[in-house]
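Please keep the sequence and the structure in view while reading.

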Amino acid sequence: MKESDVDETTRLMSDEPQPQNYDEEGSSRARRQRRQRETEQNTYTDDRQEEFDDEDNERMGRERERSPRQLRVRDESPHDSEMDEEEMLKYGAKSVMMLIIPVSMCMLVVVATIASVTYYTRKGGTYLVYTPFHEEGNISQARKAGEAIANAFIVIGVVLVLTIILVVLYKFRCYCIISGWLVLSSLMLLFFFGYIYFQEVLKVYNVPMDYFTLSLIIWNFGVVGMICIHWKGPLRLQQAYLILVSALMALVFIKFLPDWTTWAILAAISLYDLCAVLCPKGPLKILVQTAQERDEPLFPSLIYSSTMMWTIGMADRDNSNDSRTGPGTIGNINAQTDDEEEFTGSTEGVGPSNEAAEDAIRALGRNDEEQNVENAPPENQEEEEKGVKLGLGDFIFYSVLVGKASSYKDWNTTIACFVAILIGLCLTLLLLAIYKKALPALPISITFGLIFNFATAELVKPFMDSLSSQQAFI
């Protein structure tokens, strides 16, 4: 082989790898540039995500510092303030109606019974054991007043002792004893006094019925009432039973209390309610404070609630909330996975654009906001917190006053007492909205009722009788 051929071969061998090295260097440079762009894009994305996270943290901190009322009003503006005032007015009117309707129904049941069933206005010489003075015989009005006041003090003393016992049992968490006590009271009202009421109504309307059918009706009425009051049941049915129980108890008081003693007890119980609720060591105030400290609801058989206390759909509602939250959460996770897949798929090429990264981050932010909205408490829970509550004792004594006024067969006095009690209840709710704490519901309504009763019976009725006798019309 010639030397020139050897040199040519050597030159060719030395020149052939050069294009390959050049290609490898270009591809490595392209990879380095792509990785640099990816790093810059990831850094930009991380910075944007940190900015969004900081903004979200600041926003959540501000919302936590706000009150629950302010959480709903994000931007304070005159329009929002007007909407807030309208909402308060609407809620106030709704609260008034949610109490006026059941109180009116209870009083109407008592008035209708007194007007049709003579059993509850006929005095048979039998009185409650707490009223030893019966105001019978040819005695003076001063002695009747004295006996009525003495009976009222005895009844108030019994009520005070029983209330203190209830508070002590509740303080020491003797829930079984309290539940048994309330269950026995409800059993007596629904079965025994319910049987007497049905029997007298059937007699008045001359409806024949055998004892087996009557027993079956009473059994179903009592058992359903016990379940709704002390366990679970539809809200409307529970409210109806509480109204009926209050009406039955009011009829018992009208039947087995002497005349003057009834008015004295109404005046005394309003004063007792005022002291028991507002005094620092009042038994009812202590009971309410203890329940608030323990974050426990008071007994449903003692409180009328305009919203759900023990309802048949509470477990279903919780499950439905979970089911609504579950799919929403899964949807958010899926949306986030799709965005991540889009982002990952785009990084396999040259790299995502700035607009694509911003869209992905906005999608993540929207998903978080949707998840917060879905995890927020539903409106019915907000309405449940806004619900108004009234003790059954208030129902009972309102009905006693109106029923006793109707027992004298004077519709002017009855209507006057009815209107007076509703006016007093509205004023009590107004004070409740102002002071925002537990207030006694009896003093204002009972005071107005007593004033309207005696003013109408002693002034308006004689005046109208005189006008009627003279055939003068106004």
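Axes are lines fitted to C-alpha atoms, for helices over the stretch in contact, and angles run from 0 to 180 degrees between N-to-C directions. Helices (H or I, at least four residues) and strands (E, at least two) are DSSP runs, numbered from the N terminus. The model is a predicted one, in which local features need pLDDT of at least 70 and side-chain atom pairs count only at pLDDT 80 or more, while totals for chains, interfaces and linings use all residues. Residues are numbered from 1 along each chain as its sequence is written, and side-chain values use heavy atoms, with hydrogens and water left out.

**Overall composition**

The protein contains 16 helices and two strands. Of its 474 residues, 33% are buried, where buried means under 20% relative accessible area, exposed over 50%, and partly exposed in between (1.4 Å probe, protein chains only). Contact means heavy atoms within 4.5 Å. Among contacts between residues at least 6 apart in sequence, 76% join residues at least 24 apart.

**Two helix pairs**

Two packed helices are described by the angle between their axes and the distance between the axes. The table gives these values for two pairs.

| Helix pair | Angle | Axis distance |
|---|---|---|
| H5 (residues 141-171) and H9 (residues 259-278) | roughly 45 degrees | within 8 Å |
| H8 and H14 (residues 392-406) | about 50 degrees | 8 Å |

The angle between H5 and H9 makes H5 oblique to H9. Angles under 35 degrees count as roughly parallel, over 145 as roughly antiparallel, 65 to 115 as roughly perpendicular and the rest as oblique. H5 passes H9 in a right-handed crossing; a crossing is left-handed if the near helix is turned anticlockwise from the far one by less than a right angle, and right-handed if clockwise. Residues making the contact include Ala 148, Ala 152 and Val 159 of H5 and Ala 264, Ala 268 and Tyr 272 of H9. By class, this contact has 14 nonpolar, four polar and one charged residues. Here Ala, Val, Leu, Ile, Met, Phe, Trp, Tyr, Cys and Pro count as nonpolar, Asp, Glu, Lys and Arg as charged, and the others, Gly among them, as polar.

H8 and H14 are likewise oblique to each other, and H8 passes H14 in a right-handed crossing. On the H8 side the contact includes Ser 246, Met 249 and Phe 253, and on the H14 side Leu 392, Phe 395 and Ile 396. Its residues divide into ten nonpolar, three polar and one charged.

**Individual residues**

Ser 246 lies in helix H8 and is buried, with a relative accessible area of 0%. Leaving aside residues up to four places away in sequence, Ser 246 touches Cys 106, Leu 392, Phe 395 and Ile 396. Met 249 is also placed in H8. Although Met 249 and Ile 396 are 147 residues apart in sequence, their C-alpha atoms are 6.5 Å apart in space.

Thr 131 sits in the loop between helix H4 (78-116) and H5, and counts as buried at 1% relative accessibility.

**Nonpolar cores**

A nonpolar core is a set of buried Ala, Val, Leu, Ile, Met, Phe, Trp, Tyr and Cys residues joined through side-chain atoms within 4.5 Å. The largest has 65 residues, and those with the most contacts inside it are Val 103, Met 107, Tyr 398 and Leu 401. Helix H8 (residues 235-256) gives the most to this core, with eleven residues. A second, separate core of nine residues includes Leu 166, Tyr 170, Ile 178 and Leu 287.
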